[in-house]
Amino acid sequence: MFEVCADPKSLEGLTWLSCYLTSGKHLNMYWAFGTVLLLLAVTAPIAMAFGFLGALAARSQRFVLRMIGKGYTGMVRGVPDIVFFLFFVIALDQGIEYIMHLIRCPDWTDPVRNGLEFRVCPQAKVPLGSAPQTVHQFYGFMLAVLTFALVFGAFAANVLFGAMQAVPRAQLETAEAYGLNPGQVFRRVLVPQMWVYALPGLSNLWLILIKATPLLFLLGVQDIVYWARELGGAKTQAFDYPHPDWRLYYFLALLVFYLAFTRVSEIVLNRIAARLSKGQATAAGEAMRKAGI
Amino acid sequence: MKKLMLATALMALTAGGAFAQQTVRMGTEGAYPPYNFINDSGEVDGFERELGDELCKRAELTCEWVTTDWDSIIPNLQSGNYDTIIAGMNINEERSKVISFTQNYTPPAPSAYVALSEDADIEGGVIAAQVNTIQSGYIAASGATLLEFATPDETVAAVRNGEADAVFADKDYLVPIVNESNGELVIVSDDVTLGAGVGMGLRQSDTELRGKFDAAITSMKEDGSLNALIIKWFGEDADVF
């Protein structure tokens with residue numbers, strides 16, 4: 001990065017350290033922090049949407065919808081994350097490729113499944129074999145987002161389902177007495193009030209989601225834990241910056257990152273909780289009213 | 001999300017028209033110097049990087065490097081995430097059942113035990129080895145207790161911190177580490193030669209691609225450039241063809 005870094009082995013002390021910390025590999029690690037934050041930013045709303053739909057389905061009057069909602073939350077919550085990540089992603093990836101295969105290569109005669117091999121025609125590869133590595137990385141990232149959203153959506157669905165049940169019946173009855181139709185009751189009374197009941201559960205999920213991001217490496221996305229392990233491992237003279245086993249320091253840095261991140265999340269979530277409690281028919285809302293906030 | 005997936009699918013569909021030259025994706029571990037490692041600029045480097053690039057040039061293929069963790073390197077090849085394994089993988093019977101290999105591009109290489117002292121108990125003690133390697137198979141069959149790790153680096157770290165009595169791995173990997181340990185680590189006992197040399201792994205159905213790489217390896221063996229590469233990366237004492 002800097003000119004002084006051209007010959008790393010002649011450097012010492014702080015210059016060495018500054019060159020070391022700005023090597024291409026370290027820049028990759030700093031990017032990985034961005035990847036993790038981006039994953040969280042993209043996944044959280046999608047998981048929330050899945051959760052909302054799941055909760056709606058589980059509350060539905062229709063038997064089929066209710067079974068879909070209950071089945072989704074029940075099954076996904078019951079499967080260990082790591083199994084889900086190993087199985088679902090491979091199945092999804094192969095499913096997409098198989099459909100592409102049927103569309104693009106109708107004349108293909110070789111079997112797609114050949115023992116343990118899964119082999120579609122080259123034009124059906126997603127992304128295409130000729131695509132640059134960045135496209136492959138983007139595809140892997142999107143698979144990760146979808147998988148995280150599905151898993152965490154199931155938990156969110158259960159939290160939201162519970163929160164919807166927790167809104168006092170009297171509130172809904174009052175709305176009905178004013179002549180609101182079921183849709184209006186749902187949109188204007190139930191949904192605004194349920195968030196305060198959902199928040200503790202959702203904040204738990206958010207913190208668990210933050211900690212689950214190292215599962216990214218299972219999907220071939222190189223996340224910060226991967227880079228910490230890779231950079232921290234002992235390096236021989238084959239590398240520009242040989243050093244002994246420094247994994248401890250790298251993992252300490254990750255510890256600080258994760259702790260700081262969860263702390264910031266807590267502060268933000270507390271503010272949201274205070275805001276949501278205002279004017280609500282809950283103990284917290286009542287206390288705020290009495291205190292004159 | 002659904003829209004995105006759909007958009008991706010559509011994009012892929014339309015991109016199909018511009019389908020030109022097929023890229024061969026080379027899968028490696030990137031954690032096994034000097035065979036393959038990720039250098040300080042974040043690129044795959046090492047003996048196999050240089051060899052693989054040369055083989056692709058001779059076979060007139062466009063190649064791209066991909067890293068993956070060792071444990072899932074064979075399943076990922078089979079499900080088509082990349083087209084070759086070029087990761088210091090020894091040819092042996094067990095692996096040949098599930099993937100096919102090119103001819104070897106290194107002679108059968110010696111493995112060695114490395115420990116903190118000469119008198120380490122390598123016959124009945126705890127021996128660290130990387131998971132799914134010929135070395136871990138060898139230890140499992142011997143009388144010693146096998147301690148497996150996901151990466152080669154962790155196997156050496158286990159000896160340093162006393163978790164294992166010795167580590168058993170390719171000698172080419174261990175020698176630079178021993179030389180730079182200021183006497184902390186020593187090579188114990190004689191070499192053990194396992195496997196039939198390192199080869200490239202491919203899907204069994206990819207016979208055409210295997211033929212191309214086989215021919216390229218043959219041509220490098222014949223003109224001596226492979227031996228030169230081996231000596232460059234593994235030192236003057238390395239076994240050559």
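**Entry 1. The five-stranded sheet**

I began with the sheet of chain B that has five strands, and I noted that this sheet is open, with the order β5-β1-β6-β13-β7 and mixed pairing. I then asked which strands stand at its edges. They are β5 and β7 (100-101) of chain B; each has a single partner strand, so one side of each is left without a neighbour in the sheet. I record here that the model is a predicted one.

Two bridges join β7(B) to strand β13 (residues 201-202) of chain B, and the two strands run antiparallel. Within this pair I found B:Ser100 bridged to B:Leu202 of β13(B). As background, I wrote down that strands of a sheet pair through backbone hydrogen bonds, either parallel or antiparallel.

**Entry 2. The three-stranded sheet**

I next looked up an open sheet of three strands in chain B, whose order is β2-β3-β4 and whose pairing is antiparallel. Its edges are β2 (31-32) and β4 (44-45) of chain B; each has a single partner strand, so one side of each lacks a neighbour in the sheet.

I checked the pairing of β2(B) with β3(B) and found that it is antiparallel, over two bridges. In that pairing, B:Ala31 stands opposite B:Phe37 of β3(B).

I turned to strand β9 (residues 126-130) of chain B.

I looked up two pairings of β9(B). With strand β10 (residues 145-149) of chain B, β9(B) pairs in the parallel sense over five bridges. I located B:Val126 opposite B:Thr145 in β10(B), and I found that B:Gln130 has B:Phe149 as its bridge partner in β10(B). With strand β11 (residues 166-170) of chain B, β9(B) also pairs in the parallel sense, over two bridges. There B:Ile127 is bridged to B:Ala166 of β11(B).

I also traced the path from β9(B) to β10(B). Together with helix α5 (residues 134-141) of chain B, β9(B) and β10(B) make a right-handed β-α-β unit.

**Entry 3. A residue in a loop**

I selected B:Asn161, which is found in the loop between α6 and β11 of chain B. Is B:Asn161 buried or exposed? I counted 8 other C-beta atoms within 10 Å of B:Asn161. A residue is exposed if 12 or fewer such atoms lie within that distance, so B:Asn161 is exposed. I then compared sequence and space: B:Asn161 and B:Leu116 are 45 residues apart in sequence, and their C-alpha atoms are 9.7 Å apart.

**Entry 4. Chain B as a whole**

I counted nine helices and 13 strands in chain B. The C-alpha trace of chain B spans about 65 × 50 × 35 Å along its principal axes. I compared its radius of gyration with that of a compact globule: for 241 residues the globule would have a value near 18 Å, and chain B has 20 Å, which agrees.

I found that 44% of the 241 residues of chain B count as buried. I also examined contacts in chain B between residues at least 6 apart in sequence, and 69% of these join residues at least 24 apart.

**Entry 5. The two domains of chain B**

I consulted the domain assignment of chain B, which gives domain 1 (24-107 + 197-234) and domain 2 (110-193). The centres of these domains of chain B, taken over C-alpha atoms, are separated by 24 Å. Their contact takes 10 residues from domain 1 of chain B and 11 residues from domain 2 of chain B. I sorted the side of domain 1 that touches domain 2 by class and noted five nonpolar, three polar and two charged residues.

**Entry 6. The contact with chain A**

I finished with the contact between the chains, which takes 37 residues from chain B and 37 residues from chain A. The elements of chain B that give two or more residues to its side of this contact are α1 (2-15), β1 (23-28), β3 (36-38), β5 (62-67), α6 (152-160) and α7 (171-179). Which element gives the most? It is α6(B), with four residues. By class, I recorded 17 nonpolar, 13 polar and seven charged residues on the side of chain B that touches chain A.

Definitions and conventions: Residues numbered from 1 in each chain as written. Chains lettered and ligands numbered in written order. Predicted model: local features only at pLDDT ≥ 70, side-chain atom pairs only at ≥ 80, totals over all residues. Contact = placed C-beta atoms within 7 Å. Nonpolar A, V, L, I, M, F, W, Y, C, P; charged D, E, K, R; others polar. Domains from an automatic or database assignment. Pairing = 2+ DSSP bridges. Rg over C-alpha atoms; globule rule 2.2 N^0.38 Å. Buried ≥ 20, exposed ≤ 12 C-beta atoms within 10 Å, placed from the backbone. Right-handed = clockwise from strand over helix to strand, strands pointing away.
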